[in-house]
Amino acid sequence: MGKPVPMTIERPSIERPFEGLVGPLVTGSVLFALLLGMVFGWSLPAEAGDSAAEADWAAPPRALVAKTVDEVLGVLEMPDLDDAQRRAQIETIAFSVFDFSTTSKLVLARNWKKLSKPQRVEFVEEFKQYLSRNYGSRFERYEKAEVKVLNARVEPRRDVTVFTQVVGSQYDGITMNYRLRFRQEEWKVIDIVIEGVSMLANFRAQFAEVVSREGVDGLLEAMRSRNADALPAP
Amino acid sequence: MAWVGVIEVESKSGAHCPSAIAHGLLLVALLLCPVLAGADEAALQWPEDSATEVLGLPDREPEIANPDPWEKMNRGTFGFNEVADVYVLEPVARFWGFITPHFFHKAIRNFNGLILMPTVLFNDILQLKGEHAMQDIGRILVNATVGLVGLLDVATPMGIPENDAGFGQTLGYWGVPPGPYLVLPLFGPSSIRGGIGRVGDGAGTFYLTWLPIWATFIVRGVDIISWRSDHVEDIDLTRRESLDYYVFMRDAYMQISQARVNEARGVVATSPASDAELYFYDEEFDDEEYDDENGQAGSDDD
């Protein structure tokens, strides 16, 4: 223990009292704010403590979502594509990860049984085009964004939900959760839940309404004519 | 381990879930265990019921067969709101979006966020969420000072999350069912619970009454116009592409309000609908033949 080192504090000469006040006020409130943050120790809720086997099961679908998100963002950031090319490329990616036949069944629910076999094939095809219209046109107004792929969770009967969140762009902070199912030896997306709204449930409500008013033929006709409409320019 | 548990439990009926304690997080165990135990019965249990039961919270209300008994009246009000939007709000919002930069909208949003914070705080207290209430107080203190009276959101980058508790959500948290869907004139999609919630939320801004009423109208009005102008394309697209825009809005509203209640109860549900109802419908369909013939129908790779 040596002698305490003498400390000299140099006070800046204060010419105007106001100037002297601003600095401490700002630093003071910043420090105060930081202190608050530390005291209350905000943190996100701890992630679900998945057991090892559960994590193993959820890993491939999570990886698939991460890969797909990267691919889609990659296409969106390609500078030399026009809207049609961009849309075609995203369609290719999306069509390869979506299980349209499961989604079609789930979206029609009770009404699926009312469709004849050729109608089922047609519905799956129309639904595919319809989704492409609905989601494709949103990409045309793309602003630079990132997607954080968060944890994944095993759902009843081995489905997996992959939680993701958009960072940046006008959709900053929005949660998009993907529900995947392992079928025919492949992981495929069967639902997208945006901010708590399941796309599947929402389409089901709309389709049920059309079927109850106009029957399954009416629904097919409505989708056909909707898909035949030219998309207006964004 | 839990995955092994699934197979085990599925194979023998009535077995209790063996892996529950192995789960790190209590809630996950609560969510999964009863579901797995009942997995060999045709009807899967909705995880939320069991979770809320064990947590001592009120059970989820039974599924209402028709969420919209007042559809005729609601469609009328909805039509009126659409006219008001298309002829008044949307043009104003488009013009507003044209003359104001985006960061300005952001500042308006932040400012309104601060004004509405007491509402959030009260509701977090009513939901017995101590940590959230502390965060709300933190946000108010930080954003009202360092954030230049709310124009900047300093708290979020600092790691103080923005909570959005509301009175409708609080009612749902304590077990009040949403009741029938209800479209309010000018305010849009709601329910009985949502309507009461709106009134309750309004009471959270009691302190604004010392301001002249027009000032409050301007502050809230500008926020609504800014919000609308940020969503011109989204709403356009949804209006144009949905097969039934009214049903789209109704379902989205009902799902969002249920999701908010789930969130308040700490239930991370994939979708607000019942899991078995929404995702396992296909098992009732006897259409293996469809899959065999069109096995690749859904996978047009390349």
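How many aromatic pairs are there over all chains? The count comes to 21 aromatic pairs, where rings of Phe, Tyr and Trp (its six-membered ring) pair if their centres lie within 6.5 Å, and planes under 30 degrees apart count as stacked, over 60 as edge-to-face and the rest as tilted.

## Basis

This is a predicted model, in which local features need pLDDT of at least 70, side-chain atom pairs count only at pLDDT 80 or more, and totals for chains, interfaces and linings use all residues. Residues are numbered from 1 along each chain as its sequence is written, chains are lettered from A and ligands numbered from 1 in the order in which they are written, and side-chain values use heavy atoms, leaving out hydrogens and water.

## Aromatic contacts

In the pair A:Phe123 and A:Phe207, the ring centres are 5.9 Å apart and the planes stand at 90 degrees, so the pair is edge-to-face. A:Phe123 lies in helix H5 (residues 117-139) of chain A and A:Phe207 in helix H6 (residues 199-228) of chain A, so the pair ties together parts that are 84 residues apart in sequence. Helices (H or I, at least four residues) and strands (E, at least two) are DSSP runs, numbered from the N terminus. Both A:Phe123 and A:Phe207 are buried; buried means under 20% relative accessible area, exposed over 50%, and partly exposed in between (1.4 Å probe, protein chains only).

In chain B, one aromatic cluster is formed by B:Phe78, B:Tyr181, B:Tyr245, B:Tyr246, B:Phe248 and B:Tyr253.

## Strands of chain A

Strand E4 (residues 186-194) of chain A has seven of its nine residues buried, so it is largely enclosed by the rest of the structure. Strand E3 (residues 175-183) of chain A pairs with E4(A) in the antiparallel sense over eight bridges; pairing requires that DSSP finds at least two bridges between two strands. A:Arg183 has A:Glu186 in E4(A) as its bridge partner. E3(A) and E4(A) form a hairpin with two residues between them, and A:Gln184 in the turn has a positive phi of about 50 degrees.

E4(A) also runs antiparallel to strand E5 (residues 197-198) of chain A, joined by two bridges. The bridge partner of A:Ile194 in E5(A) is A:Val197. This hairpin of E4(A) and E5(A) has two residues between the strands, with A:Glu195 in the turn at a positive phi of about 50 degrees.

## Chain B overall

The secondary structure of chain B comes to 15 helices and two strands. Of its 302 residues, 47% count as buried. Among contacts (heavy atoms within 4.5 Å) in chain B between residues at least 6 apart in sequence, 65% join residues at least 24 apart.

B:Val88 lies in helix H4 (residues 71-99) of chain B and counts as exposed, at 51% relative accessibility.
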